[in-house]
Amino acid sequence: MHRLRTYLSFVRFSHSVFALPFALTGALLALQVRPLSGREVAWRVLWIVVAMVAARSAAMGFNRLVDASYDAKNPRTAMRELPRGAMTRAEAIVFVAVASVVFVGAAYALGRVCFLLSPVSLAIVFWYSLAKRFTSYTQLFLALAMAVAPIGGWLAAGGPFGSVEPWLLGAAIGTWVAGFDILYACQDLEFDRAAGLKSIPVRFGVRDSLLLSRLMHVVAVACLAGLAAVADLGPMYLAGVALVAVLLVYEQSLVSEHDLSQVKRAFDLNGYVGILYFVATAASLYVK
């Protein structure tokens, strides 16, 4: 149990709630276009959950592995599992490899299209961990990695190519994630500058980065609201989007240019966003 807790902490397993609800929402929307039997739905949902958890675990494990030397020097991250010796690099490599294989296997179970796209998905989520060495727009690559989730859920449930819904939902989750990751990156501004790492806060400073974060969240809410018209979602859905907007406004209010002490609290609020949005979408589709 101790080792299990170490592995779960290593990949911040609880943060799976960020992307998973959006993948399931993509699947729900696809089912409105291409209905499946109850048994087939249950089977696909199971494999979507396995794929999402495995992909995120592989991505986070890879991130911790390639950033271990930086994490050891940063007081905020020095107590993570690799820097403090709770896990070895060999364990981390095996963990990432196993999670990647599980993800590809789950994608295979979901069909040919998902299987063929699975290496591309892994490449996208792994690249985010390396992006800070090459580009100031690191947070936008995380946005891209997370935007894959609802598109993957849509395809996994048999949704057709060319539909607007998954792309609009992908844009929403991407801008939402970019917005809160910019906030999170502000707390490491001085360390990143000293270490030669790149990010939006390093390039633009805290004030302009906060403005960009808020703009991202405005775009995210607009995309979610726009989906109501595209997917014919009703008032219950829009009420859920309004609550998401309230949460994001509150999140932004916790952080200012001169006070970053509440960044962790603001970041943790995002765990409720995906769950709230998924419940509101499901209710609008199935509660009559």
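The model is a predicted one. Its largest nonpolar core has 61 residues, and within this core Trp-176 and Tyr-277 have the most contacts.

**Nonpolar cores**

- Another core, which lies apart from the largest one, has 14 residues, among them Ala-54, Val-96, Ala-99 and Phe-103.
- When neighbours within four places in sequence are left aside, Tyr-277 is in contact with Phe-22, Thr-25, Leu-169, Leu-224, Leu-227, Tyr-237, Val-241 and Val-244.

**Helices α2 and α3**

- Helix α2 (residues 20-33) and helix α3 (residues 38-66) have axes that come within 10 Å and cross at roughly 150°; because angles over 145 degrees count as roughly antiparallel, α2 is described as roughly antiparallel to α3.
- The crossing in which α2 passes α3 is right-handed.
- On the α2 side the contact is made by Leu-20, Ala-23, Leu-24, Ala-27 and Leu-31, and on the α3 side by Val-41, Val-45, Ile-48, Val-49 and Met-52.
- By class, the residues of this contact between α2 and α3 comprise 10 nonpolar, no polar and no charged.

**Helices α7 and α8**

- With their axes 7 Å apart, α7 and α8 pack at an angle of about 150°, and their crossing is right-handed.
- Helix α7 contributes to the contact through residues including Gln-139, Leu-140, Ala-143, Met-146, Ile-151 and Trp-154, while the residues contributed by α8 include Glu-165, Trp-167, Gly-170, Ile-173, Asp-181 and Ala-185.
- The contact of α7 with α8 divides into 16 nonpolar, 3 polar and 2 charged residues.

**Helices α8 and α12**

- The axes of α8 and α12 come within 9 Å and cross at roughly 165°, which makes α8 roughly antiparallel to α12.
- Helix α8 passes α12 in a left-handed crossing.
- From α8, Leu-169, Trp-176, Phe-180, Leu-183 and Tyr-184 meet Val-263, Phe-267, Asn-270, Val-273, Gly-274 and Tyr-277 of α12; Trp-176 and Tyr-277 are also the residues with the most contacts inside the largest nonpolar core.
- The residues of the contact of α8 with α12 are 9 nonpolar, 2 polar and no charged.

**Two buried residues**

- Asp-71, which lies in helix α4 (residues 68-73), has a relative accessible area of 7% and is therefore buried, the cut-off for buried being under 20%.
- Not counting residues up to four places away in sequence, Asp-71 touches Arg-64, Thr-77, Ala-78, Arg-80 and Pro-83.
- Ala-185, a residue of helix α8, is likewise buried, with a relative accessible area of 11%.
- Ala-185 touches Gln-139 and Pro-201, again not counting residues up to four places away in sequence, and both Gln-139 and Ala-185 belong to the contact of α7 with α8.
- Although 21 residues separate Ala-185 from Val-206 in sequence, the two are 9.4 Å apart in space, C-alpha to C-alpha.

Conventions:
Residues are numbered from 1 along each chain as its sequence is written. This is a predicted model: local features need pLDDT of at least 70, side-chain atom pairs count only at pLDDT 80 or more; totals for chains, interfaces and linings use all residues. Side-chain values use heavy atoms; hydrogens and water are left out. Axes are lines fitted to C-alpha atoms, for helices over the stretch in contact, and angles run from 0 to 180 degrees between N-to-C directions. Helices (H or I, at least four residues) and strands (E, at least two) are DSSP runs, numbered from the N terminus. Angles under 35 degrees count as roughly parallel, over 145 as roughly antiparallel, 65 to 115 as roughly perpendicular and the rest as oblique. A crossing is left-handed if the near helix is turned anticlockwise from the far one by less than a right angle, and right-handed if clockwise. Contact means heavy atoms within 4.5 Å. Ala, Val, Leu, Ile, Met, Phe, Trp, Tyr, Cys and Pro count as nonpolar, Asp, Glu, Lys and Arg as charged, and the others, Gly among them, as polar. A nonpolar core is a set of buried Ala, Val, Leu, Ile, Met, Phe, Trp, Tyr and Cys residues joined through side-chain atoms within 4.5 Å. Buried means under 20% relative accessible area, exposed over 50%, partly exposed in between (1.4 Å probe, protein chains only).
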